[in-house]
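This report describes selected features of a predicted model.

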Amino acid sequence: MIRVRFAPSPTGYLHIGSARTFIFNWLFARHEGGTMILRIDDTDVDRNTQASLDSIFDGLKWLDLGWDEFYHQSDRVAMHREAAMSIFRKGLAYRDFAPAESEERSYGDGPWLFRPEMREMTAEESDRRAGAGEPFVLRFRVPRTGDGAVTFPDLVYGPQSKAFADIEDFALLRSNGIPTYHMASCADDADLRISHIIRGQDHLTNTFKHVLIFEALGAPPPKFAHLPLLIAPDGSKLSKRKHGPVVSVTTYRDGGFLPHAFVNFLCLLGWSPKDDREKMSRDELRDSFTLEGVNRSNAVVNFSEDDPFDPKAVWLNAEHLRSLPVEALAEKLEPFVRAAGLDPARADLKKVAPLVQERIRLLKDVATVGDFFFLDELPPYPAEELLPQKGDAAMSRRVLESARLVLEKVEFEHVALEASLREAAATLGVKAGQMFQPIRVAVCGRKNAPPLFETLETLGRQRCLHRIERALELLS
RNA sequence: GGCGCUAUCGUCUAACGGUUAGGACGGAGCCCUCUCAAGGCUUAAAUACGGGUUCGAUUCCCGUUAGCGCUACCA
């Protein structure tokens, strides 16, 4: 039975790297017909925050993938403690009564492995001091004889090995009795019968410790698959302090990404379907996903000073946007129209949607591409914009006056609109473009806009005539 | 410092030892066109360096360099 888990700690917002880890776990679980478990790793009570927990849930829900089982690690500390004590009872861990180090240790003098006086303390003395209430850290007793090593096969990185001599006697229980991450995580993974641990490569070297814990617990170690990390363009790891909101999933949501487009983008960072597909639906991703397709080098999220989003993410979003049914697009657009301070009731979103569909790359672009649909009065624009190509104000005026006459009586439907306006242009002896451009500017307030006739139709006779009137005033 | 991991166009990536090193994004150019967008076509752009192994290395091995990670009573 395949069982995987995503285990974020609620000490920050949902990071895009974490989101990707969640996605890969989900994809693997669904591809294999397994179980996806969400576990909140909240053993570090001092650093947990409710805000962070909310942010993680918000982000995960937005991804719209879901999970099958849910746990709070903090509900399970008694079990973790018992697991740690069972290791102690087997003689595979010892009490360390040394006080916590106050200063940061320098790494200059080689690794700190263990304190012989603590490790070799007699059971009698250890029990006596513990019994007297002296606080201690419970440490794993890493084998120190011979030249053995911990080994495990990584499904992505291949066979891994690390000498015991390079592994320190790491802590299992803190002096306050709370299990450390390593202990809690492994106890949970064993207890929850996790079959595959898929997580960031930053855990690769921790895994040697974890294998030791699983063995000490008498539990078969799960299979491990580590994922290459997501990094910033400068090669450093993504951090909120250094890179700002670009690392938060909610930034993508609020910027107008479609959840599955975002998922698609993240999947392409560190994984490849091995063919030329780029745009993939959730189901295609699920069907194609395998751990063999995961590669080993870190991937850069290519954001920049002037653009918080990776150009490829934006392009992919545009691709997904274009294949959305209009009703769905209209629905998605609504909150973004509102957020821009525009009134969605001013226009029929189902008619606007197809007009902006291939002109927006992010949902929030609707505010810049289609603002004029949701306004009664256009924001001011320079009168020169109304001048046709190779034409003057007089021509513009003639064109607009003619258009006004046409729009007053023509059937307000784009085919009829186009026919009569083309006819009017011919009558005036101007080129089609010279006719259409002043009209476009008059009704949209700018030179670049969606196709003219559908736009006129969507805007409606009254608003079009009103705007042409305004344009004429501007020209005089 | 020690240990571990990684190294193909600017970025994401493909290439079970034999390819003119492929695709995508982004860039440039052209076409289409009522503007914009979309679309179509064309184009510039990469195997970090040095040694091996081999008839032949992007691919396998070693070294160098660089980057990243771990080295906490954080996760």
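Two residues are in contact here when heavy atoms of one lie within 4.5 Å of heavy atoms of the other. In that sense, Ala83, Ser86 and Ile87 of helix H3 meet Ile213, Ala216 and Leu217 of helix H7. Sorted by class, this contact holds 5 nonpolar residues, 1 polar residue and no charged residues. Helix H3 spans residues 77-89 and helix H7 spans residues 206-217; their axes come within 9 Å and cross at roughly 80°. Angles from 65 to 115 degrees count as roughly perpendicular. H3 and H7 are therefore roughly perpendicular to each other.

**Domains**

Chain A is divided into three parts by the domain assignment: domain 1 (1-100 + 110-323), domain 2 (324-374) and domain 3 (383-475). The centres of domain 1 and domain 3, taken over C-alpha atoms, are separated by 60 Å.

**A three-stranded sheet**

An open sheet is formed by 3 strands in the order E4-E5-E8, with antiparallel pairing. Strands E4 (93-96) and E8 (171-173) stand at the edges with a single partner strand each, so one side of each is left without a neighbour in the sheet. From one strand to the next, the twist averages 40°. Strand E5, residues 137-140, pairs with E8 in the antiparallel sense over 2 bridges. Within this pairing, Arg139 has Ala171 of E8 as its bridge partner.

**A covered helix**

How many of the residues of helix H19 are buried? In this helix, residues 452-459, the count is 7 of 8, and H19 is accordingly described as mostly covered. The buried residues are Leu452, Phe453, Thr455, Leu456, Glu457, Thr458 and Leu459. The elements that cover them include helix H14 (349-357), helix H17 (414-428), helix H18 (432-444) and helix H20 (461-475). Just after H19, Gly460 takes a positive phi of about 90°.

Most residues other than glycine have a negative phi.

The cut-off for an exposed residue is a relative accessible area over 50%.

Which residues does Ala7 touch, not counting residues up to four places away in sequence? With that exclusion, Ala7 touches Arg39 and Asp41. The C-alpha atoms of Ala7 and Gln73 are separated by 9.0 Å, while the two residues are 66 residues apart along the chain.

Notes: Residues are numbered from 1 along each chain as its sequence is written. Chains are lettered from A and ligands numbered from 1 in the order in which they are written. This is a predicted model: local features need pLDDT of at least 70, side-chain atom pairs count only at pLDDT 80 or more; totals for chains, interfaces and linings use all residues. Side-chain values use heavy atoms; hydrogens and water are left out. Axes are lines fitted to C-alpha atoms, for helices over the stretch in contact, and angles run from 0 to 180 degrees between N-to-C directions. Helices (H or I, at least four residues) and strands (E, at least two) are DSSP runs, numbered from the N terminus. Angles under 35 degrees count as roughly parallel, over 145 as roughly antiparallel, 65 to 115 as roughly perpendicular and the rest as oblique. Ala, Val, Leu, Ile, Met, Phe, Trp, Tyr, Cys and Pro count as nonpolar, Asp, Glu, Lys and Arg as charged, and the others, Gly among them, as polar. Domain bounds come from an automatic or database domain assignment. Two strands pair if DSSP finds at least two bridges between them. Buried means under 20% relative accessible area, exposed over 50%, partly exposed in between (1.4 Å probe, protein chains only).
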